[in-house]
Every structure is written in C-alpha cells, then in structure tokens.
Amino acid sequence: TPKQQPNVVKLIIGVGGKGGNYKKITVTEEHPFLIDNKWIEAGKTKIGDNVSYFANECKHCKKLIPFY
C-alpha cells in the first residue's frame, strides 16, 4: 500500500517585531506551537497569533537570536 503523505502547513513567523526578521517554516498540521501559553496545532493557528520561541541574547548587542 502507498505511504500516506501528512498534511502540511506553511507558516511565516516574524521575529523581532515590525521590521524584524521572518522565518518561513513547513510543518505537519498537528505540529504544536506555544501560543499565549497554550499548545496549539499548526493547522489551527491564525494570522496574528503570538508564537513563543526560545532564544539566546547576543552578548554584544542584546538582540534575541532564536533557535530554529
């Protein structure tokens, strides 16, 4: 039997607010994201959701450098 392909979601996540950097990612629709302190599946995200991410702070300029 052929292997079933998972449904995927393409997201654009902004880092650093307006004028910041953006990252395009593709994940399965069940992949969880931490949004407003709740785990939400990628397929249920909405434009404008605030996605939490892990980052280190640059020692020199204090900017956040996210983990991807």
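Buried residues (under 20% relative accessible area, with exposed meaning over 50% and partly exposed in between, for a 1.4 Å probe and protein chains only) make up 15% of the 68 residues in the chain. The model is a predicted one, so local features need pLDDT of at least 70 and side-chain atom pairs count only at pLDDT 80 or more, while totals for chains, interfaces and linings use all residues. Residues are numbered from 1 along each chain as its sequence is written, and side-chain values use heavy atoms, with hydrogens and water left out.

As for secondary structure, there are zero helices and six strands, giving β-β-β-β-β-β along the sequence. Both kinds of element are DSSP runs numbered from the N terminus (helices are H or I with at least four residues, strands are E with at least two). Of the contacts (heavy atoms within 4.5 Å) between residues at least 6 apart in sequence, 11% join residues at least 24 apart.

The largest nonpolar core takes in seven residues, namely Val9, Leu11, Ile13, Val27, Phe33, Ile35 and Ala42. Such a core is a set of buried Ala, Val, Leu, Ile, Met, Phe, Trp, Tyr and Cys residues joined through side-chain atoms within 4.5 Å. S1 and S3 each put in at least two residues of this core, and the largest share, three residues, is down to S1. Nonpolar side chains tend to be buried together in soluble globular proteins. Setting aside neighbours within four places in sequence, the core member Val27 touches Asn7, Val8, Val9, Phe33 and Ala42.

Lys23 counts as partly exposed because its relative accessible area is 33%, whereas Lys24, at 69%, is exposed. For Lys24 and Lys10, 14 residues apart in sequence, the C-alpha separation is 7.1 Å. Beyond its neighbours within four places in sequence, Lys24 is in contact with Leu11 and Ile12.

Strands S3 (residues 32-35) and S4 (residues 38-41) run antiparallel and are joined by four bridges; two strands pair if DSSP finds at least two bridges between them. Pro32 has Glu41 as its bridge partner in S4. Two residues sit between the strands of this hairpin, and Asp36 is found in that loop. Phi of Asp36 is positive, near 50°, in a residue other than glycine. Asp36 counts as exposed because its relative accessibility is 52%. Lys62, in the loop between strand S5 (55-57) and strand S6 (64-66), also isn't a glycine, and has a positive phi of about 70°. With a relative accessible area of 52%, Lys62 is exposed.

Finally, the second largest pocket has a volume of about 320 Å³. On a 1 Å grid over the protein atoms alone, a pocket is an open set of points where a 1.4 Å probe fits, with protein on both sides within 12 Å along at least five of seven lines, and lining residues have an atom within 4 Å of a point. Points are joined across faces, edges and corners, and the volume is the space filled by probe spheres set on them. Among the lining residues are Leu11, Ile13, Tyr22, Lys46, Asp49 and Tyr53. Strand S1 (residues 8-15) gives the largest share of the lining, four residues.
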